[in-house]
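Subject: Structure for your files

Hello,

Here is the structure I said I would pass on. My notes follow it.

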Amino acid sequence: MQIRCALVGMPGSGKSTVGRQLAHRAGVPFIDLDHRLEHTLGTTIRSFFEAEGEARFRDIESQVLAEVARQPGGMVLSTGGGAVLRPENREVLRQFGNVLYLRASPEEIYKRVKHDKTRPLLQGGNPMDKLRDLYAQRDHLYRETAHYVIETGRPSVHTLVNMVMMQLEMAESAGGAGPH
């Protein structure tokens, strides 16, 4: 089975961790869109955001996403948490392959990332309020984009990878991307 899927979800939901292991297990390349963007930008996303603003960042994010989506063959793509904000990105992702929403509640995400100093989201203010606001803004967009929703609350990364593999295998045997 040739896997070609994209992972969407909130920052801290496990997209990079699960994606890396899923790609390894499936024997396909893993592409972290945020890392690809930082390479393209020549700086961190946080620094670019501060210097150029979100709108300019989202323009470049859309361009890089479209470039990655045009690459043929199997791969696992981990997107940034805000990649679904633009309608054209949601369409590119749905055409790319199976899209899986790794859903985690703001409370679960906070437990995972509260000590992570590299996440701009959690610096200053009330991080829990920020996570709840982001979740309220984005959950429906993740659901609209995804073919499948995978609850990430309790399972280990290994279990999540197994869940994703089973979902993709069922999709494959059913003839491709399935319903939400």
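Arg 112 is partly exposed, with a relative accessible area of 38%; that value lies between the 20% under which a residue counts as buried and the 50% over which it counts as exposed. Please keep in mind that this is a predicted model. Arg 112 belongs to helix H6, which covers residues 106–113. Leaving aside neighbours within four places in sequence, Arg 112 is in contact with Gly 12, Ser 13, Gly 14, Ala 104, Thr 152 and Gly 153. One of these, Gly 14, is 98 residues away from Arg 112 along the chain, yet the two C-alpha atoms are separated by 9.3 Å.

An unreviewed UniProt entry carries the annotation "binding site" for Ser 16. Ser 16 sits in helix H1, residues 15–26, and is partly exposed, with a relative accessible area of 26%. If residues up to four places away in sequence are not counted, Ser 16 touches Phe 30, Asp 32 and Ser 78.

Helix H1 itself has 12 residues, and from its first C-alpha to its last it reaches 16 Å, close to the 16 Å expected at 1.5 Å a residue. Which residues of H1 are buried? They are Lys 15, Val 18, Gly 19, Leu 22 and Ala 23. Seen down the axis of H1, the buried residues fall within an arc of 130°, so they line one face of the helix. As background, an α-helix has 3.6 residues a turn, so residues three or four places apart point the same way. The buried residues of H1 pack against strands E1 (4–8), E2 (30–32), E3 (75–78) and E4 (98–103), and against helix H8 (157–173). After H1 comes Gly 27, with a positive phi near 70°.

The last item is a pair of helices. Helix H3 (residues 45–52) and helix H4 (residues 54–70) have axes that come within 7 Å and cross at roughly 130°. On the H3 side, the residues involved are Ile 45, Phe 48, Phe 49 and Glu 52. They meet Glu 54, Arg 56, Phe 57, Arg 58 and Ile 60 in H4.

Regards

Notes. Residues numbered from 1 in each chain as written. Predicted model: local features only at pLDDT ≥ 70, side-chain atom pairs only at ≥ 80, totals over all residues. Heavy atoms only, no water. UniProt positions renumbered as here; feature names shortened; annotations may be inferred. Helix = DSSP H or I, 4+ residues; strand = E, 2+ residues; numbered from the N terminus. Buried < 20%, exposed > 50% of the residue type's maximum accessible area, 1.4 Å probe, protein only. Contact = heavy atoms within 4.5 Å. Expected span 1.5 Å × (residues − 1). Arc of directions from axis to C-beta. Axes fitted to C-alpha atoms, helices over the stretch in contact; angles between N-to-C directions.
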